[in-house]
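Hi there,

Here is the structure I promised to pass on. My notes follow below it.

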Amino acid sequence: MSGLLNKTTFLTGGASAIGLAIASLFLSHGSKVFILDSAENIASAHTHLSSFFPACSNTMTPNSMFEKGDAADSACLGEAIEKCVEVFGGLDVVVLNAGVLPRAKGILEVREGEWEGVMRVNAFGHEYPPLFHFFQSVTDTFSFIRIQISARKMIELKNNKLQTQRQSDFPASAPMTTDSTPVSNSRTRHNIGTILLTCSASGLRSRLGVSIYTMSKFAVRGLTIAAAQELGKFGIRLNAVCPGLVDTPLLRGAGLNDEKIGKEGVIERFGTPEEVAQVILFLASDDASFVTGSLYGVDGGFVDS
């Protein structure tokens, strides 16, 4: 996979399950990774990563950093991104990853406050206190406000770089185009950053009992496409990965078993966090330089079955 060496990745929910698999894989490809997650997940994740990547435990030249915080808090997210830029000197890839698993509830049983809350958490990005009894987790960052914060910082860094370039002469040896700008690789010259969302197969197809969750994920699906269209002119690619039922503690805690999973997809088993991480790695790399506004299903054939 090309183009990740020494690039900076900001990752929410990166200290467990799919997020930890993403962190491990990106580190193995030479990326510097800044992880924002809850305090209870960070200690074990740091031990895990340090055992595979000794540089993670090197405080002088770290290639990863953990920040305790809540990615559902806009101020916390913004401060963490600023710290990431300060420590690693850039912001090339943002992976907005989190885990939300609603308890099944029929459409006739859902109260107004519940469906409104799901939309606020999943699509817009604010926590909604009444949902604490409805969700096993309310830290979903697949939202408008999270994309906005990340993209604004990428554009700010791009503008600062351009201003610095204007204040200095181009090297005499640099090849120039007819409009007096440096020549760059045609595949990557317009890409200043990449934003990736962990959405859900429920953003592509519904399951019984999760109508409002599906509604919120279809909103994220539309947001992925619309945001990619708007941010493309700034050189930002934006895509989403839509996992099916992946073997994580959150899923196991919901009481789902392999027999039930086998009836949903073509590949009759749980997915693994590593399988999802591989798709995210591709979308973050220069190999996906012509890919934006796309939603990639990693669901064992659930959507098409």
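What is the order of the seven strands in the open sheet? The order is β3-β2-β1-β4-β5-β6-β7, with parallel pairing; strands here are DSSP runs (E, at least two residues) and helices are H or I runs of at least four, numbered from the N terminus. Two strands pair if DSSP finds at least two bridges between them. At the edges are β3 (64-68) and β7 (295-298), each pairing on one side only.

A word on the source: this is a predicted model, where local features need pLDDT of at least 70, side-chain atom pairs count only at pLDDT 80 or more, and totals for chains, interfaces and linings use all residues. Residues are numbered from 1 along each chain as its sequence is written, and side-chain values use heavy atoms, with hydrogens and water left out.

Within the sheet, β5 (residues 193-198) and β6 (residues 236-243) run parallel and are joined by six bridges. L197 stands opposite A240 in β6.

Now to M154, which sits in helix α5 (residues 144-166). M154 counts as buried because its relative accessibility is 2% (buried is under 20%, exposed over 50%, partly exposed in between, with a 1.4 Å probe and protein chains only). Leaving out residues up to four places away in sequence, M154 touches L91, D92, V93, V94, I192, G193, T194, I195 and I236, contact meaning heavy atoms within 4.5 Å. M154 and I195 are 41 residues apart in sequence, with their C-alpha atoms 9.8 Å apart.

Elsewhere on α5, F144, I147 and A151 meet L223, A227 and L231 in α6.

Happy browsing!
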